[in-house]
Amino acid sequence: MLAILGVTFPFFALVLCGYLAARREMLPLAAIPGLNSFVLYFALPAMLYRYSAQTPIAELLDTALLSVYLLVAAIMITLTILVTKRGRIGWNDAALGALVATFPNVGFMGVPMLVAILGEVAAGPIIVILAADMVVTSSVCIALSRLDGDAETAALPASARLRQALRKALRSVLGNPMAWSMVLGGIASATGFHLPQALDKTVALLGNAASPVALFTIGAVLARANMVSGQGRHAHAGWGSVWPVAVFKLLLHPLLAFGLGKAGQAAGLPLSDAVITVMTLAAALPSASNVSLLAERFGADTARIARIILFTTVAAFGSFALVAGWMTG
């Protein structure tokens, strides 16, 4: 347990540094989008490209892992919506709440931390999981969030609203540089392509910057989200709508990942213990911080989403260490 905390503490400490920097105005709120852009468009794509290119293509095309992980996501989305969709929480808030319960912070936090804990063997499964959440989980939840309709789509039938939302979600995925970096890295892995030495060193420098800057940015984004959401129309969102989703994220999600992984393994799926460990630890990560941006974009309860992300990030310092100690002990 102490060994796991020794590995994970610096990651959470960097998140805290970013949070305090934003809260104490050492980092201007106006500077946070610049940090986000550097991470999303330069550092993380470089890191993901290198991991993808160095991972055997068979690991990047692990259909058994993809199938089990998407089944876990489907159960998480369904249960979260069933439990939370009531009263003032309609489809929009319930679906974005399901996304925050199902989408772990693999991109900003999981990739560097799981590789640090498990070694390079974790890279391939992490990339599969990140791709699944970026392309499938987020698209499904965004589509479900549109079932309430808005002023522009109120006259459309639910099926038309779903199709429209899915098209928007897919366009968002196609415009995401992290998705393209994984695709290009996979092509490089399959073909044996290597970047010229000077360009490879440039990509390596950017990739090495991804982990510290991304973690610092998570903290800053969380601070900004809580500061801004506390002033908006959802400022009085109660904690009663927060803790069930947080519990689902930190406890139910890893339990489902481990249980269904073992069930799939027993049924004959080619799932190794190492892959199940990666899937379980990925599910034990806190909620992805970018869901707060999606909540703001789609008019959901941003205060609720921000509180869930903040709560899971703080609580994961202990809960993730416990899960990691159990899985690797």
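**Close-up views of a predicted model**

**View 1. Surroundings of Leu 114 in the predicted model.** Neighbours within four places in sequence aside, Leu 114 is in contact with Gly 119, Ala 122, Ile 126, Val 278, Leu 281, Ala 282 and Phe 320.

**View 2. The largest nonpolar core.** This core has 89 residues. Leu 114 is among those with the most contacts inside it, together with Val 106, Met 109, Met 113, Ile 126, Val 291 and Phe 320. Helix 7, residues 123–145, gives the most to the core, with 11 residues. In soluble globular proteins, nonpolar side chains tend to be buried together.

**View 3. Packing of helix 2 with helix 6.** The axes of helix 2 (residues 32–54) and helix 6 (residues 106–118) are 11 Å apart and form an angle of about 35°. The crossing of helix 2 past helix 6 is left-handed. Helix 2 makes the contact through Asn 36, Val 39, Leu 40, Leu 44, Met 47, Leu 48 and Tyr 51, and helix 6 through Gly 107, Phe 108, Val 111, Pro 112 and Val 115. Of these contact residues, 10 are nonpolar, two are polar and none is charged.

**View 4. Asn 36 and its contacts.** Asn 36 lies in helix 2. Its relative accessibility is 9%, so Asn 36 counts as buried, the cut-off being under 20%. With residues up to four places away in sequence not counted, Asn 36 touches Phe 108, Thr 217, Val 221, Arg 224 and Leu 293.

Notes. Residues are numbered from 1 along each chain as its sequence is written. This is a predicted model: local features need pLDDT of at least 70, side-chain atom pairs count only at pLDDT 80 or more; totals for chains, interfaces and linings use all residues. Side-chain values use heavy atoms; hydrogens and water are left out. Axes are lines fitted to C-alpha atoms, for helices over the stretch in contact, and angles run from 0 to 180 degrees between N-to-C directions. Helices (H or I, at least four residues) and strands (E, at least two) are DSSP runs, numbered from the N terminus. A crossing is left-handed if the near helix is turned anticlockwise from the far one by less than a right angle, and right-handed if clockwise. Contact means heavy atoms within 4.5 Å. Ala, Val, Leu, Ile, Met, Phe, Trp, Tyr, Cys and Pro count as nonpolar, Asp, Glu, Lys and Arg as charged, and the others, Gly among them, as polar. A nonpolar core is a set of buried Ala, Val, Leu, Ile, Met, Phe, Trp, Tyr and Cys residues joined through side-chain atoms within 4.5 Å. Buried means under 20% relative accessible area, exposed over 50%, partly exposed in between (1.4 Å probe, protein chains only).
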